[in-house]
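Subject: Structure handover

Hello,

Here is the structure for you to look over. My notes follow below it.

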Amino acid sequence: VGDGGTILKYTEKNITSSELQSTRIDIFPNPLDASGSFIKFTLHREQNVIIQVFNLLGQKVQTIYNGLLFEGTNIFRWGPNNISSGIFFINVKCLEFNEAKKCVYIHR
């Protein structure tokens with residue numbers, strides 16, 4: 001998938017529109033505190049995945065994961081360490097989708 005969700009090349013099985021909707025990421029709890037948050041998403045095939053956190057200025061704060069993941073549901077934990085409270089974007093990028101979701105961190 002290219003910028004803006006444009007499909008550049010597709011060579012695998014046919015994926016239905018309902019399956020495409022299920023590829024979206026979920027972040028919970030949100031807002032989060034120092035105990036962290038979970039990032040959940042589903043892959044329809046094995047592929048490389050990069051999960052990164054960005055601040056409001058678009059600066060990368062942290063890379064949570066960069067590597068190969070298998071087909072199925074994946075859950076990662078993000079524990080915000082040494083950062084101030086604020087609004088962040090968690091971006092999951094892979095062959096199937098490239099999606100960022102807003103989360104709010106409240107340091108107590």
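Cysteines first. The disulfide count comes to 0. The cut-off behind that count is a pair of cysteine sulfur atoms within 2.5 Å. Keep in mind that this is a predicted model. C94 is buried, at 8% relative accessible area. C103 is buried as well, with a relative accessibility of 0%.

Next, the sheet. Three strands make an open sheet, in the order β1-β2-β5, and the pairing is antiparallel. The edges are taken by β1 (26-28) and β5. Each of these has a single partner strand, so one side of each lacks a neighbour in the sheet. On average, neighbouring strands here are turned by 20° against each other, direction ignored.

Within that sheet, look at β2 and β5. They pair in the antiparallel sense over 7 bridges.

Now the aromatics. The structure holds 5 aromatic pairs. One of them is F41 with F76, and it is stacked. The ring centres lie 6.2 Å apart, with 5° between the planes. F41 sits in strand β2 (residues 37-43) and F76 in strand β5 (residues 72-78), so this pair ties together parts that are 35 residues apart in sequence.

F76 has another aromatic partner, Y65. Their ring centres are 4.9 Å apart and their planes stand at 45°, so the pair is tilted. Y65 belongs to strand β4 (residues 60-69) and F76 to strand β5, so the link here spans parts that are 11 residues apart in sequence. Y65 is partly exposed, with a relative accessible area of 23%.

How do these rings group? F41, Y65, F76 and F97 form one aromatic cluster.

To begin your own look, I would open the view on F76. It stacks with F41 and makes a tilted pair with Y65. Its strand, β5, is also an edge of the sheet and pairs with β2 over 7 bridges.

Best wishes

Key
Residues numbered from 1 in each chain as written. Predicted model: local features only at pLDDT ≥ 70, side-chain atom pairs only at ≥ 80, totals over all residues. Heavy atoms only, no water. Phe/Tyr/Trp six-rings, centres within 6.5 Å; stacked < 30°, edge-to-face > 60°. Helix = DSSP H or I, 4+ residues; strand = E, 2+ residues; numbered from the N terminus. Buried < 20%, exposed > 50% of the residue type's maximum accessible area, 1.4 Å probe, protein only. Pairing = 2+ DSSP bridges. Axes fitted to C-alpha atoms, helices over the stretch in contact; angles between N-to-C directions.
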